[in-house]
Each structure stands twice: as C-alpha cells, then as structure tokens.
Amino acid sequence: MRLALAQLNPLVGDLEGNGALILSACREAAGADLVLTPELSLWGYPPRDLLLREALLERQQRELERLATALPAGLALLVGVAEPIAAGGMPRLHNALALVADGGWSVVARKRLLPSYDVFDERRYFMPGAGTSVLELERGGRRWRLGLTICEDLWVEEDLQGHRLAGADPVAELGSQAIDLLLNLSASPFGQGKLQLRRQLAARASARLGCPVVYVNQVGGNDDLVFDGASFVVDAAGAPLLQLACAETALGFWSAGETPASPPPAEPAALEQLLRALVLGVRDYAGKCGFGGALLGLSGGIDSALVAVIASAALGAAQVHALLMPSPWSSAGSLMDAEALAERLGLGGRHTLPIAPLMTAFDAALAPALGREPDGLTAENLQSRIRGTLLMAVANEQGQLLLSTGNKSELAVGYCTLYGDMNGGLAVIGDLYKSTVFALCAWLDSAAAGPARAALGLPAEGELIGTAIRTKPPSAELRPDQRDSDSLPDYGELDPILKRLVEELASPEQLVAEGGNPAVVNRVAQLLQRAEFKRRQAAPALKVSGRAFGNGWRMPIAAAAEEAIL
C-alpha cells in the first residue's frame, strides 16, 4: 500500500479553501492508495470558537460531499473533521477523522485524549471518543489493518514527556488489534526540542505495537502558533524511513514495507529550526491577515536587528520598512549600526525621524498639568510612546503590519512601555529570552548559518547582524549612558530564573532552596507579577517555548503577591 503524507498549511475557518488544498494534494498523489492529512485539516487548527458556528458545520458537510465526488478514482483520503454529536448537551462535537472513498465518506476515528493545557482548550469544544479505531482497507491484493490516532493520542509516555493526560492509553489498547501500521494525524505546534520528542514517542509506539508509525503534522502559522510539519515515518524498530521538511508544505510518499536506499536527511540544527519557525510565523501571520509588507522601529540594538532579519526572510527585504527615531540620548554608533544593518539586508525603505522636537513639544504641553516638565521614568516612557505613535501612524497610512521588537525577558519583568515599544500587531521575538536572542544572532553571523540564510533569501556570506550590534551592552538609550543592567540583573542570571518561574511554574522558595540569590529571586518574581497588566495588552507573540505569554499563560492581574522569602 502506497501512502501520501500531505503536510498542508490551512487557513483557519476556510473550509472551501482548505478542501481545495486537500483535493490538489490528492490529485498530485496519483498512484497512491491513501492520502493522509493533518488533524482538523478541513478547518485548520486551532479553529477555536468557529467550531460553535452552525453555518460552518453545514459548510463542512457540503465540502465533504464535494471531496467525495471529486476524489480521483481508486484513491482513499483521511481528512480531519469536526463531527457533530446527535445527542443533546455540550460539547456537541468529536475531533474526528473521516474516510473519503468510492464517492462517499464516513467518520472512522475519534480523538480519545483531549488536551486542555498550555495553548489547548479542546474540552471546550469536543467530547472524547470511546474505544480503539482500526481502519481496514483492501489494497495491493491484501487487507491492511490501520490503527488510527489523532495527535495527543500518541502522547502517552510520561517518562518522555514529563506529564500526560489522565485517561486511556490509545496506543496500548491497539496492542491487541494486530494492526499493520499506526497512523497519527496531528496539529502539533513547534517547540524547541519537540521534533526529537515526537520521534521518540513514535519509536516507543512502534516498539509497543511491532509495526511502523506514520506521523503527519500540520504546517504553517496560525495567530501565535507555528506548526512546523516535519512529518515522518519510522519502522517497527523506530528507525527513520521518511522525513518531510521542517516549516514547509510538502507531499511525501512511502510504500508499506519499503526501506529507503539511504537514510532520510537529518533534522536541521536547533537554532535553524527556531529561525525557520519564526520566519514561517511572520510570513503566515502577515499573509493570512492581509498584509503585504511590514514596518518596525530600528534602533541599532540586537532585538530590532533580529526582527528585521526574520521579517526580511519572511516577506522579502523589499517589503520591510524601518523607522530610525533617534532621541538626544541615542548614540551615533547606534544610528550607524541601524543604517548599516538596513543596507546589508536591502530593506525596502528607511526613514530617520528625530524625536527631539516632539519631546520638547510634549514637555511644554504637559508642564501645566504636572506643574513642571516630565522627568524620570515618565520622560523615558514618553520617548517610547512618541516612537510608538510615529510607527503606528506610518503603518496605518501605508497599510503595513507593525512588528513589535521586544523580547520575552523584557515582557516578563515589565521592561517595556505600554503604547510605546509594545505597539504592534505581532511580537516576533516575544517568546525568546534575551540570552536566546544573543545565541540566535551569533549563529546567524556564523558560517554554519550560510546554507539556511541562502535558502531563506538572506545574504549568504559575511556578517548579517554585525559584531557591533551583537557585542554592545544592551540599552534602551532613554537617558544618558543608560544600560539594561541599571534596572535588571544580567541576562545570564535573569533568564534562568525567568525560565523556572514562567515555563516550569517554580516558586521563589524553590529557586532559593536550589541556591538562588534570595534578593534577586524575590525581585524578579515581583516584577513578573506586577507586569501582568502590560502583558494582557501586548501583541500576540509567536510561541516557540514550552510556555509563552498569551493563550498558554492565564494568570490573574489582581492577585495575592508571592510571600517575601528574605
């Protein structure tokens, strides 16, 4: 039996458009017996409250009927659908797979394990399926028994994952079914280290069941989530037989029992995976929201430099524009570094708008209300808000997507300004700690990044970020000789604390017990909590970590403070 793995990039809610993508893949898969598509492939994942719209469920019915009549003869298709439940009550849907073949369609599997952690909220919409799902198909002169699972149904190895949902073990239950292949159709978002973890889960399942595992994943950016694809096949011993591209649409073929003459290509290095995920996230966010170009503030610092590189790879440098907005406290070096970066990338346009006259005008306008001209933090924030207003005005006038350039470390501790540098439609690196920003930029400037840079349409040789940008002390330059270290611990100390507090939900007491400096840990924990109201108003950030600020971080704004541990 010949399988076609259709690694598709759907638009959420576009049932007709997604159906057309599926049908196109089926026509391209001439000679295959069965086409596999990702979880909820007719809807795109995650459809969220679109699933509550009755009109869309009716359109799904029509699209399935259209697929059934248009499918090439002799070809079968597994497609991800939302199956209405006839009985009353809520939820009233199953997350399901439908088999389309021979002019008709029917539901053949229902998802058993419904994640409601991190960014997932499936129990809001779906009821879990009951019992195993085995599909029997006559192909190639024999009857094949295919075990069917959907995404989380494969995630049952607590020792590998660190956690698992309570409930059934769909893999174990298939052990008595004498299946020939295990199929897992997924919509699994990108996360650092996740490609390897999926392979480990599939290898564990293949060992338990004694058969190959076929894993098909969605690709593309949908809001703050980036789906990396990277679909694959492993044999009964867990060895790779097929590997599809990371962060690209793809159609791959594998015949059951076939062993490749040479092993599939290795996964990209971790920093290349991260770069490709961020580029895909920006490209799809802009494209799916109807933006042809992007705008950002270019300061000469490392954060805005990295965002400019990612945006150039995503949209083409000609479609990326920048504003340089020096204040009286901006160094000449920063301005030169920003201009040099724009030249290296070949940005479509840049304009320098000095903000000193606006600062003077605001000071004069505010003096009567304040009894004096603004100073201190108020004056510093005012600079950021002036810049934010200029950026929003230009983006508005030119129909561009404004990209926020703040990183996760800043968002975590509130080292950012509402209605200022937080302005934007997308926080490109809002889930990258500052130390990760440094690491990614160092890799981008290394020879090892050359092939990836060339593949993404970036200059393949020479420095891209630049030594001057990578090595200068981090500073917002909002007052003379300002450094981030004036207000924050060194990022090498800050980021590990933040990772434990944010991604692992450790308490300050735990960190101190592990040897953390009590004064630093306490202060960071307090800053994290006090900045919650800012994060609630932030642009969506592309999720690339285990826990990002956004849908997977649901902390109250008004809450009891952590107890002091000094």
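Rings of Phe, Tyr and Trp (for the last, the six-membered ring) are taken to pair if their centres lie within 6.5 Å, and planes under 30 degrees apart count as stacked, those over 60 as edge-to-face and the rest as tilted. The structure is a predicted model, in which local features need pLDDT of at least 70 and side-chain atom pairs count only at pLDDT 80 or more, whereas totals for chains, interfaces and linings use all residues. Residues are numbered from 1 along each chain as its sequence is written, and side-chain values use heavy atoms, with hydrogens and water left out.

Under the ring criterion, the structure holds six aromatic pairs. One of them joins Y45 and F120 in a tilted arrangement, with 6.5 Å from centre to centre and 50° between the planes. Because Y45 lies in the loop between β2 (34–36) and α2 (54–70), and F120 in the loop between β5 (104–110) and β6 (134–139), this pair ties together parts that are 75 residues apart in sequence; here helices (H or I, at least four residues) and strands (E, at least two) are DSSP runs, numbered from the N terminus. Burial is assigned from relative accessible area, with under 20% meaning buried, over 50% exposed and values in between partly exposed (1.4 Å probe, protein chains only). Y45 is buried at 4%, and F120 is likewise buried, at 11%. In the pair formed by Y125 and F126, the ring centres are 6.4 Å apart and the planes stand at 65°, so the geometry is edge-to-face. Y125 has a relative accessible area of 8% and is buried, as is F126 with 3%. Ring pairs also link Y45, Y117, F120 and F227 into a cluster.

Charge placement over aromatic rings was examined next, a charge being assigned to a ring if NZ of Lys or CZ of Arg is within 6 Å of the ring centre and within 35 degrees of the ring normal. R142 lies over the face of W144, at 3.7 Å from the ring centre, and the charged end of R199 sits over the ring of F232, 5.5 Å from its centre. R199 belongs to helix α5 (residues 194–209). Although buried, R199 has no salt bridge, and E267, the nearest side chain of opposite charge, is 4.4 Å away; a salt bridge requires a side-chain nitrogen of Lys or Arg within 4 Å of a carboxyl oxygen of Asp or Glu, and Lys and Arg count as positive and Asp and Glu as negative, while His and the chain ends are not counted. With neighbours within four places in sequence left aside, R199 is in contact (heavy atoms within 4.5 Å) with F232, V234, P240, Q243 and E267.

Y491 lies in helix α15 (residues 491–502) and is buried at 7% relative accessibility. Y491 and K434 are 57 residues apart in sequence, yet 6.6 Å separates them in space, C-alpha to C-alpha. Beyond neighbours within four places in sequence, the contacts of Y491 are S409, E410, K434, P474, D484 and P496. S327, in the loop between β16 (320–324) and α8 (332–345), is buried at 8% relative accessibility. Not counting residues up to four places away in sequence, S327 touches I355, M359, Q383, R387 and E477.

Finally, the structure holds zero disulfides, a disulfide being a pair of cysteine sulfur atoms within 2.5 Å. For C211, the closest cysteine sulfur, in C151, is 18 Å away and therefore too far for a bond. C211 is buried, with a relative accessible area of 2%, whereas C289 is partly exposed at 41%.
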